[in-house]
Amino acid sequence: MRSQNFVDNKPLIYLVSTPIGNLSEFSPRAIEVISDCDLIACEDTRNTAKLLSFFNISKPLVSLREHNEVSESLNIIEQINSRGIKVVYVSDAGYPCISDPGAKLVELALQNGINVSTVSGPNAALNALVASGLPCDHFYFHGFLDPKNKVQKDELRKLSTKEETLIFYEAPHRIMDALENMYEILGDRKACLARELTKKFEEFIRLPLSEMVQLDPNTLKGEMVVIVEGKTKEDNPTLTDEEIIKMVNDVIATGVSTKDAIKKVSELTKINKNQIWIILDINYLLLTKM
Ligand code: SAM
């Protein structure tokens, strides 16, 4: 399906990015589009009311968040189609849909013949990435890791083979556990913790994960993004998966457990233990699927 937002005379919902800290980042175009709309659907009406009052804008607000996203989206779509009202969607900060509600509204709007456009603005992940000093040509946005330790470690194991720079959102009360899991599973990679972006106490902490885990948790307050280097090709360029598996099997043949064999091979090759487990797992899966 092709649709031209400003040529076709179809109804349109705007997704408007809002400031992640510094209110001056609310653009003139965002103010113009919001001032011209009939209804603002938002994640939290109290938050959006505060933002609007700062810019002296008064508009009807309706809450559209995770728990009512489908029913309220359908309600809004019905009003657009029956009364032709102009609707804007904003989340609490940054882009809607990015670790925030909005994606269901977009999906349902498109299914119901309503176009979707955007008003550009801040996004914590991109602000952190571009100033991190880590490669920006290819990156993978993961957002929040699962708070449950075991699930989080499984997520990190899956991410450990990605060569793209990794982007995580994290809450201050979970940051130390997350950094420790990253160090354990991803190894000692370069990283950058970007805190309080665009605000008075904005800080970039650019350290390897081995040093990041030594930081005083009391100094890691506020909102934060963690950027971690992707898997580097130099991890061990001379060894193939087959050679690593053979080394592990050779050590097991001397009478030690798989766990100890992996530890030994990790010491010899400087390849992270978890990485070796993943190589064994992947190859085991491939063999059992054949
Ligand atoms: N939609 C937002 C965006 O486009 O960036 C993200 C919303 S998500 C619910 C909130 C998370 O984004 C925070 O927990 C933090 O990880 C990150 N974040 C938001 N504002 C930030 C800021 N000013 N500095 C650092 N991280 C921020």
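## Report on selected residues, helices and the ligand site

L186 counts as buried because its relative accessibility is 6%; buried means under 20% relative accessible area, exposed over 50%, and partly exposed in between (1.4 Å probe, protein chains only). The model is predicted, so local features need pLDDT of at least 70 and side-chain atom pairs count only at pLDDT 80 or more, while totals for chains, interfaces and linings use all residues. Residues are numbered from 1 along each chain as its sequence is written, and side-chain values use heavy atoms, with hydrogens and water left out.

L186 belongs to helix α7 (residues 175–186). Helices (H or I, at least four residues) and strands (E, at least two) are DSSP runs numbered from the N terminus. With neighbours within four places in sequence set aside, the contacts of L186 are L156, S160, L166, N181, V228 and N272; contact means heavy atoms within 4.5 Å. I271 is 85 residues from L186 along the chain, and the C-alpha atoms of the two are 10 Å apart.

How far apart are the end C-alpha atoms of helix α9? They are separated by 17 Å, which agrees with the 16 Å that the 12 residues of α9 (residues 241–252) should span at 1.5 Å a residue. The expected span is 1.5 Å times one less than the number of residues in the helix. Buried residues in α9 are I244, I245, V248 and V251. These four lie on the same side of α9, because they cover an arc of only 125° around the axis; the arc is that of the directions from the helix axis to the C-beta atoms. The exposed residues E242 and K246 sit on the face of α9 turned away from its buried side.

In helix α4 (residues 103–111), the buried residues are L105, V106, L108 and A109. Their cover includes the strands β1 (12–16), β4 (87–90) and β5 (115–119), together with helix α3 (69–83).

N115 is part of strand β5 and counts as buried, with a relative accessibility of 1%. The side chains of N115 and N5 are joined by a polar contact of 3.4 Å. A polar contact is a pair of N or O atoms within 3.5 Å; within protein, one atom must be able to donate a hydrogen and the other to accept it, and residues adjacent in sequence count only if both atoms are side-chain atoms. Apart from neighbours within four places in sequence, N115 is in contact with S3, Q4, N5, K10, P11, L12 and I13.

R195 lies in strand β8 (residues 190–195). Its relative accessible area is 11%, so R195 is buried.

**Loop residues**

Most residues other than glycine have a negative phi. E196, a residue other than glycine, has a positive phi near 55°. E196 is in the loop between β8 and β9 (203–208) and is buried, with a relative accessible area of 15%. C97 is not a glycine either, and its phi is positive, at about 80°. The loop between β4 and α4 holds C97, which counts as partly exposed at 29% relative accessibility.

Is P147 buried or exposed? P147 is exposed, as its relative accessible area is 54%. P147 is in the loop between β6 (139–144) and α6 (149–159). With residues up to four places away in sequence not counted, P147 touches Q152 and R174. The C-alpha atoms of P147 and G94 are 22 Å apart, and the two residues are 53 places apart along the chain.

**The ligand site**

There are 19 residues around the ligand, and D100, N123, Y169, L197 and M224 come nearest. A residue is near a molecule if one of its heavy atoms lies within 4 Å of it.

| Residue | Protein atom | Distance to a ligand oxygen atom |
|---|---|---|
| Y95 | polar backbone atom | 2.9 Å |
| N123 | N or O atom in the side chain | 2.8 Å |
| E170 | backbone N or O atom | 3.4 Å |

Taken alone, the ligand exposes 580 Å², and 91% of that is buried by the protein. Accessible areas come from the Shrake-Rupley method with a 1.4 Å probe; for residues, only the protein chains shown count as cover.
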